[in-house]
Structures are given as structure tokens and as C-alpha cells.
Amino acid sequence: MTLPPYRDRQAFCKRRMESVRKYLNYVIFGAVVLVVVGLALSHSRHMRALVDAMASGNPTAQSASASELIQGEQFMDSVTGEPVETRVKAAASLEALGTPAAVKQAIAFLKDPDKPVRDRLVQTLQAIGAKSPDHIKELVVGLKEGDANIRKGTVAALSSVRGGIGPKPGVVPGITDIMRREAGARGPGGDVLGTALFTQNGGNKESLPLLYALLKDKDEGVRGGAADALGKIGDPDAIPTLKTVMHSDTAQLRRIAIASIALIADKSGEDALTEAINNPEDDNESRAQAAAGLGRIATPTAVATLVKALDDDDLKLRSASVVALARAARPKPDGPVAANVLADLTTALRDARDSVRLGAAQALQAVAAPEAASALLVSLQSADASQRAASASALGFPGDTQAVPSLIKALSDPIGDVSAAARDALTAIGPASTDALIATMQQGRPDAYYAALALARQGASALPALEKAAANANPVSQRWAAVAHGDIGVAEARPTLQQLERSADPDVAYVAKEQLDRIGRTP
């Protein structure tokens with residue numbers, strides 16, 4: 001065989017070597033891929049095994065698996081996408097592990113979108129969250145988190161009436177410490193310290209001195225968080241300290257101190273709240289909060305201050321005073337009326353100042369006290385339309401026949417708000433007002449519309465009286481009876497409307513047809 005020239009042989013060999021290297025690279029690359037895939041598959045199988053171990057129900061296996069996943073920072077990745085049942089068991093595995101790292105992981109896990117998982121995590125935190133100072137340190141971090149589920153879950157773990165940790169050793173200092181360090185923890189921390197679980201079990205006696213210490217912090221935000229928490233705890237022992245803050249700190253701290261004193265609502269704080277409500281230099285929010293506090297204190301002097309505030313230039317304070325007076329008059333929604341406060345309110349209905357009379361009527365509207373009916377009927381004759389409307393709204397007690405004539409007259413008031421309020425009151429009186437409403441409706445004056453609406457709002461109980469009105473030969477009576485039947489809108493109204501639809505009076509027939517079309521001609 002004849003060999004190619006030297007240079008050709010050299011090029012030929014070079015090409016052969018390059019070809020060999022190319023195929024060798026392919027082989028090496030393939031081997032690397034196989035190794036990587038194998039490792040990935042092995043890792044995936046191992047992760048699966050760890051997740052399965054957490055779901056096994058075996059505390060030892062659960063603890064070991066959770067520990068390994070936490071150390072490898074793969075806990076959340078491993079449970080994301082798993083069924084709810086598996087994630088619930090993963091939460092239980094953290095309880096089985098029971099370390100500070102498990103607490104930290106449970107806090108992060110509270111972001112889970114499913115409530116059953118979060119509920120189980122709360123149980124986990126309740127079980128292990130206060131085992132040591134390190135556990136508590138990790139637990140209270142949840143109070144500062146921006147995620148709502150984390151904050152809510154942490155608060156529940158600490159303070160829920162069902163299994164909450166409460167003021168166990170080290171918990172209250174842990175909460176106040178993070179309140180000092182983290183702005184985001186101050187509100188939630190105060191919420192926890194103010195819960196029944198903490199205040200009814202001596203936690204307030206531990207938390208108050210710690211919060212007093214925070215009031216001396218150089219950071220205004222820390223001081224504000226402490227003052228706010230004192231109000232939430234609600235211990236009257238804090239009022240002297242809060243008064244000091246109110247008079248010696250910044251304007252912002254003064255506002256917080258006023259709000260806290262109002263929230264505690266003890267007689268010892270009445271002077272401070274009276275000062276605030278009478279001070280036009282305080283912002284209207286502070287004055288409104290002071291009014292709320294005086295309404296809860298409800299001493300004769302506090303009530304007098306609130307009545308005086310009904311004439312203040314600030315609308316927000318006047319509105320807050322109305323609410324506060326209503327609360328003072330009936331401290332519990334279903335409880336008895338405070339006779340002394342009711343007497344002050346009925347007296348205020350005769351005050352020379354328009355705004356005081358109006359505010360008293362508005363407060364009585366919320367109190368809903370039949371004892372005030374006589375005074376309200378007098379107030380219903382006021383020259384001020386707003387007072388007439390408020391007085392009418394404050395009436396309307398079931399069966400109160402005394403108020404019916406005045407309310408019937410108020411249906412024709414030229415001010416629509418007064419007419420509407422009288423209508424609603426007559427509706428509330430019920431059957432005792434039916435005959436008077438029928439008579440008004442039959443007269444056909446402009447107030448007949450309000451009378452028909454009041455009857456309709458009494459519901460099916462008004463149908464017998466309306467049927468009699470429909471049988472009346474008076475077309476005016478028949479038209480308004482048809483309107484009321486249609487507004488009631490029940491099946492029992494159809495026969496009368498069908499009869500009226502055949503009326504020889506075109507207006508009656510038209511109204512009856514419209515009402516039948518409105519409620520439907522067939523069941």
C-alpha cells in the first residue's frame with residue numbers, strides 16, 4: 001500500500017484523534033448525566049421517604065425526618081403540594097421533634113393556605129412553644145410577621161382560650177422584649193397581653209412593670225406600643241402612669257395615653273378624659289375616644305360632660321358623645337336601662353340648645369327605652385326637622401298605642417326624613433297601629449303612601465285589614481290597598497289583587513295589574 005505524503009498522513013491522524021476525542025466527550029457527558037439523574041432520583045426517593053415517615057404517625061420517625069428536612073432547609077419544599085392530610089401530619093411531626101428549630105419551622109409553616117393545617121400548627125406551637133427560653137424566643141417572632149396567617153396563628157397559640165400557652169414562665173418577658181425590638185410586634189403583642197387568658201391568670205401583674213419600663217425607652221415607637229398595650233390590658237393600676245404619659249410626653253403619646261385610659265374606663269381616669277374632651281387643642285379622634293370612655297364610666301359627672309359635648313363645634317365629638325350616652329343609658333344591649341342617665345337624656349330633650357336636643361333624641365333612638373316615649377312625643381313637635389326625625393325614630397315600641405296619633409300626624413310632615421321615620425315607627429308598633437294606618441290610607445292624602453308602606457312592612461299580619469280596605473267602595477282605598485298587597489308580595493295577596501284587577505275603576509285595575517305582574521300571577 002502506498003502511504004500518502006507526510007503532510008497528508010499528519011492531517012489524517014489529526015482528524016482521527018479529533019474524532020476519537022469527540023466521541024469520548026459524548027461518552028463522558030452521558031456518564032455524567034446518568035450520574036446526575038441517578039443522584040436526583042436517589043434524592044427524590046429519599047425526600048419521598050422522609051415525607052412518608054413524617055406522615056407515618058410514628059413519633060420517632062416523624063421527629064428524625066422533620067429534623068433532617070429542617071437542617072437541610074428543605075422542609076417547606078418537601079411538603080408543598082402534598083395533600084392536606086400529609087401536611088397536617090407534617091405539622092404533628094414538628095411537635096414530635098419539639099426543638100426551638102421546630103418552633104421556628106412551625107411559625108413559617110403557618111403561611112399554609114389550608115385552615116386544617118394551620119389549626120394543627122397552632123396545636124403544635126401550644127404544645128412546644130414555651131418549653132424553654134429558646135422556644136419562646138422563636139415563638140414570639142411570629143408576632144412581628146407581615147403575613148396575617150402567621151400573626152393570627154401566633155396570637156392564637158399564645159392566647160386562645162382553648163389550649164393557649166398563657167403567661168407561663170418567660171412568656172410575658174418574651175413578648176415585651178420583641179415589642180421593644182420590633183415595631184411590627186407591638187400591636188399584636190399588646191393584643192395578646194390584653195386577652196382574658198393573660199389578664200385573668202396574673203399575667204397583667206407581670207406585664208405591667210415590664211411595660212412601665214418600656215415607657216422609659218428612648219424610642220417613641222416603643223413607648224407608644226407600651227402605652228397602647230396598657231390600655232388593652234385594662235388594669236386600673238396603669239391609669240396613674242398613663243396620666244403621666246398624657247401630660248409629659250409627645251402629642252402622639254398623649255393621644256395613645258388618652259385612648260388607653262378610655263379603654264380601661266375606670267372612674268380614676270374620669271378627670272383625664274374630661275380634660276381631653278374639654279380641650280379643643282386635642283385632636284378630634286382623642287376627644288371622641290375620651291367620650292367613649294366616659295360613656296363606659298357613666299358617673300353623673302361623666303354623663304353631664306357628655307351632654308355638654310353635644311353642643312361642641314366638632315361633629316365627630318358630638319357623634320361620639322351620642323353613642324357614649326346611649327351606652328351609658330343601657331350598658332348591656334339586653335340589660336336594663338340606667339334610670340338616672342335616661343332622666344338626664346329626657347331633660348336634655350328640653351335644652352335651649354338645638355344640638356343638645358338633637359343629640360339627646362339620637363341617643364334615645366339607640367337606647368330604645370319605652371320609658372322615654374312621653375318625652376319623645378313632646379320632642380316630636382320640635383321646630384327642628386332633624387330633632388323631629390330623630391324623635392320619631394326613637395319611638396315605635398311594639399304595642400305603644402300612645403304614640404300612634406302623633407306618628408300618624410308625622411306621616412304628613414313636609415320633611416321626608418320625618419315622614420319616613422314615622423312610617424318605620426308605626427311599622428314597629430305593629431297591629432296596634434293598623435287601624436289608624438288604614439284610615440290614613442283611605443283618606444288619600446300624600447301621607448297615604450307612607451301609611452301603605454307601613455302596613456306592607458307589617459307583613460302578612462296586616463292582610464285581613466287590607467282586604468277590608470280593598471272591599472271598600474272607595475277607589476282611593478282600593479288603590480292603596482293594592483299597593484300594600486303588592487309590597488307584601490305573598491301568595492295570599494293574589495286573590496284580592498285579582499279581584500281588584502277586574503275593577504270598573506281604571507286606576508284601581510291598572511294598579512292591581514302592576515302589583516300582580518310584580519309578584520307573579522301564579523305560584
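Predicted model: local features only at pLDDT ≥ 70, side-chain atom pairs only at ≥ 80, totals over all residues.
Q: Let's start with the core. Which residues touch the most other members of the largest nonpolar core?

A: The general idea: in soluble globular proteins, nonpolar side chains tend to be buried together. Here the largest nonpolar core has 153 residues, and Phe75, Ile175 and Leu407 touch the most other members. Helix H19, residues 315-329, gives the most to this core, with 8 residues.

Q: Could we zoom in on one of those? What does Leu407 touch, leaving out residues up to four places away in sequence?

A: With those neighbours left out, Leu407 has contacts with Leu380, Ala392 and Leu395, and also with Ala422, Ala425, Leu426 and Ile429.

Q: Now the charges. How many salt bridges does the structure hold?

A: There are 25 salt bridges. Take Arg254 and Glu275 as one case: their closest N and O atoms are 3.1 Å apart. Arg254 sits in helix H15 (residues 251-264) and Glu275 in helix H16 (residues 270-277), so this pair ties together parts that are 21 residues apart in sequence.

Q: Are these two partners buried or partly exposed?

A: One of each. Buried means under 20% relative accessible area. Arg254, at 13% relative accessibility, counts as buried, while Glu275, at 32%, counts as partly exposed.

Q: Which residue does Arg287 pair with in a salt bridge?

A: That's Asp312, with the closest N and O atoms 2.8 Å apart. Arg287 belongs to helix H17 (residues 284-297) and Asp312 to the loop between helix H18 (300-309) and H19, so the pair ties together parts 25 residues apart in sequence. Arg287 is buried, at 6% relative accessibility.

Q: What about Asp424 and its salt bridge?

A: Asp424 pairs with Arg423, the closest N and O atoms being 2.9 Å apart. Asp424 counts as partly exposed at 36% relative accessibility, and Arg423 as buried at 11%. Elsewhere, salt bridges that share partners join Arg87, Asp112 and Asp114 into one network.

How values were computed: Residues numbered from 1 in each chain as written. Heavy atoms only, no water. Core = buried A, V, L, I, M, F, W, Y, C linked by side-chain atoms within 4.5 Å. Buried < 20%, exposed > 50% of the residue type's maximum accessible area, 1.4 Å probe, protein only. Helix = DSSP H or I, 4+ residues; strand = E, 2+ residues; numbered from the N terminus. Contact = heavy atoms within 4.5 Å. Salt bridge = Lys/Arg side-chain N within 4 Å of Asp/Glu carboxyl O.
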